[in-house]
Amino acid sequence: MEIRKELWRIVWAGLVVVIIGSGCKPDPANPTKEKYNPVITNILNRKSVRQYTERPVEEEKVELLLRAGMASPSARDLRPWEFIVIKNRPTLDSLAAALPFGKMLAQAPLAIVVCGDTVRSERLWVEDCAMVAQNILLAAESLNLGAVFTAVYPYPDRLKAVNKYTRLPAHIVPLTIIPVGYPQGKQTPKDKFDAKKIHYETYSHR
């Protein structure tokens, strides 16, 4: 009986090692794939992509990006977000010319404008929509797409440019326009972890 119990212990220990190790094989080409589960790996692999191929983004992937965006947290569950999906080439080119940091729109096959309803949420729409944008960026990474956060709010000239081509009502404010496409060339994430930025209990001056 004791021998049988010991054998079962060995079998279970082996299964645990196999399960844990199955998703943790080192990948020399991408160190962030080591020792992390798929969610953490995706977060660490996210990068800002500004160059895209001509390949169009499939409709099902566009919907997944929007679903991921709308799965984000929302203060008081007000969900003050609205979205403008832009695929029209002349519009994307015009926005690229008008926005100082949106030149990549001239190459992107589509863009998602994340907007906030300032009537539905007067005070926290910016925070809510920022979390929406982050979800979209992470979803893009998981779908092998490239994307980048391009700020619109609170810059008057950028707000005017986006409003011109999207015809937004006064209470709907664009927070960001996110170019999306298949990355051109190999892109690598930056390791931004900095232990000096971490403080425990109280802020420590260094």
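Colleague: What percentage of the residues in the protein is buried?

Modeller: This is a predicted model, in which local features need pLDDT of at least 70 and side-chain atom pairs count only at pLDDT 80 or more, while totals for chains, interfaces and linings use all residues. Residues are numbered from 1 along each chain as its sequence is written, and side-chain values use heavy atoms, with hydrogens and water left out. Buried means under 20% relative accessible area, exposed over 50%, and partly exposed in between, with a 1.4 Å probe and protein chains only. Of the 206 residues in the protein, the buried share is 36%.

Colleague: Which pattern does the protein follow along the sequence?

Modeller: Helices (H or I, at least four residues) and strands (E, at least two) are DSSP runs, numbered from the N terminus. The protein has six helices and five strands. Read along the sequence, these give α-α-α-β-α-β-α-β-β-α-β.

Colleague: How is the one aromatic pair of the structure arranged, and what is its class?

Modeller: Rings of Phe, Tyr and Trp (its six-membered ring) pair if their centres lie within 6.5 Å; planes under 30 degrees apart count as stacked, over 60 as edge-to-face and the rest as tilted. The structure holds one such pair. The ring centres of Trp125 and Tyr153 are 4.9 Å apart and the planes stand at 70°, so the class is edge-to-face.

Colleague: How many residues apart in sequence are the parts that the pair ties together?

Modeller: Trp125 belongs to helix 5, whereas Tyr153 sits in the loop between strand 4 (150-151) and helix 6 (156-166). Trp125 is buried, at a relative accessible area of 4%, and Tyr153 is partly exposed, at 34%. Because of these positions, the pair ties together parts whose separation in sequence is 28 residues.

Colleague: What is the volume of the largest cavity?

Modeller: On a 1 Å grid over the protein atoms alone, a cavity is a set of points where a 1.4 Å probe fits but cannot get out, and lining residues have an atom within 4 Å of a point. A search of the whole structure finds one cavity of 30 Å³ or more. The volume of the largest cavity is about 40 Å³.

Colleague: Which element supplies the largest share of the lining of the largest cavity?

Modeller: The lining includes Arg46, Lys47, Leu137 and Gly146. Helix 5 (125-142) and strand 3 (146-147) each supply at least two residues of this lining. The largest share, three residues, comes from helix 5.

Notes:
On a 1 Å grid over the protein atoms alone, a cavity is a set of points where a 1.4 Å probe fits but cannot get out, and a pocket is an open set with protein on both sides within 12 Å along at least five of seven lines; lining residues have an atom within 4 Å of a point. Grid points are joined across faces, edges and corners, and a volume is the space filled by probe spheres set on the points.
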